[in-house]
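Hello,

Here is the structure for the handover. My notes on it follow below.

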Amino acid sequence: ESNSDYFIEPLKTNLPYASAIRLTEDSKIVKIYFSNPLRNFKGEAIGVLRISYNATVIQRLISKPTNFVGLESFAILLDENYIRVIHSKISELTFKSVVPLSQTLVQKLQADQRLPIRDPAELSTNLPALKKGLDDTTKKAPSTSYLTTQLTETGNQWN
């Protein structure tokens, strides 16, 4: 574990750390790790305290039909690589990227347990308009960030 990000980062930054959502080896459970550097009375690093949290609970909470935003609304949680780590409407889209990723990135993410070991063609969809819309919204002020796009999940209706 000493080579993992949740061990290295808190020692490097002296701050608490939360990892990306990760899959277990059988891809049935997802986890997130929280860690914090431990110091002795002199302030010297003596270790890292880490806990793993079953992130499947987060997926279940978000996946419950809520219609918070409107009738037939649903939630999608993406990571920094545009991978759906939670999809409340179509669970088969969980751990699939919005657009195809490079083979190098796929291999790295699989090695880091952030993508399941599958054929790369099964690990993505091809929604460049959604990716562009997401990129564009991150450039705007947070209070005005929204996008409108068509999604296959809703039969290509505008969302």
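D136 is partly exposed, at 29% relative accessible area; buried means under 20%, exposed over 50% and partly exposed in between, with a 1.4 Å probe and protein chains only. Its side chain meets that of K132 in a salt bridge of 2.8 Å, N to O (a side-chain nitrogen of Lys or Arg within 4 Å of a carboxyl oxygen of Asp or Glu). K132 counts as exposed because its relative accessibility is 51%. Both residues lie in helix α4, four residues apart, about one turn; helices (H or I, at least four residues) and strands (E, at least two) are DSSP runs, numbered from the N terminus.

This is a predicted model: local features need pLDDT of at least 70, side-chain atom pairs count only at pLDDT 80 or more, and totals for chains, interfaces and linings use all residues. Residues are numbered from 1 along each chain as its sequence is written, and side-chain values use heavy atoms, with hydrogens and water left out.

The structure holds eight salt bridges. One of them joins E9 and K12, with the closest N and O atoms 3.2 Å apart. These two are three residues apart in helix α1 (residues 5-13), so about one helical turn separates them. E9 is partly exposed at 24%, while K12 is exposed at 59%.

D79 and R114 form another, at 3.1 Å between the closest N and O atoms. D79 sits in the loop between β5 (76-78) and β6 (84-87) and R114 in the loop between α3 (103-111) and α4 (128-138), so the pair ties together parts 35 residues apart in sequence. Both D79 and R114 are buried. A network of salt bridges links D79, E80 and R114.

Regards
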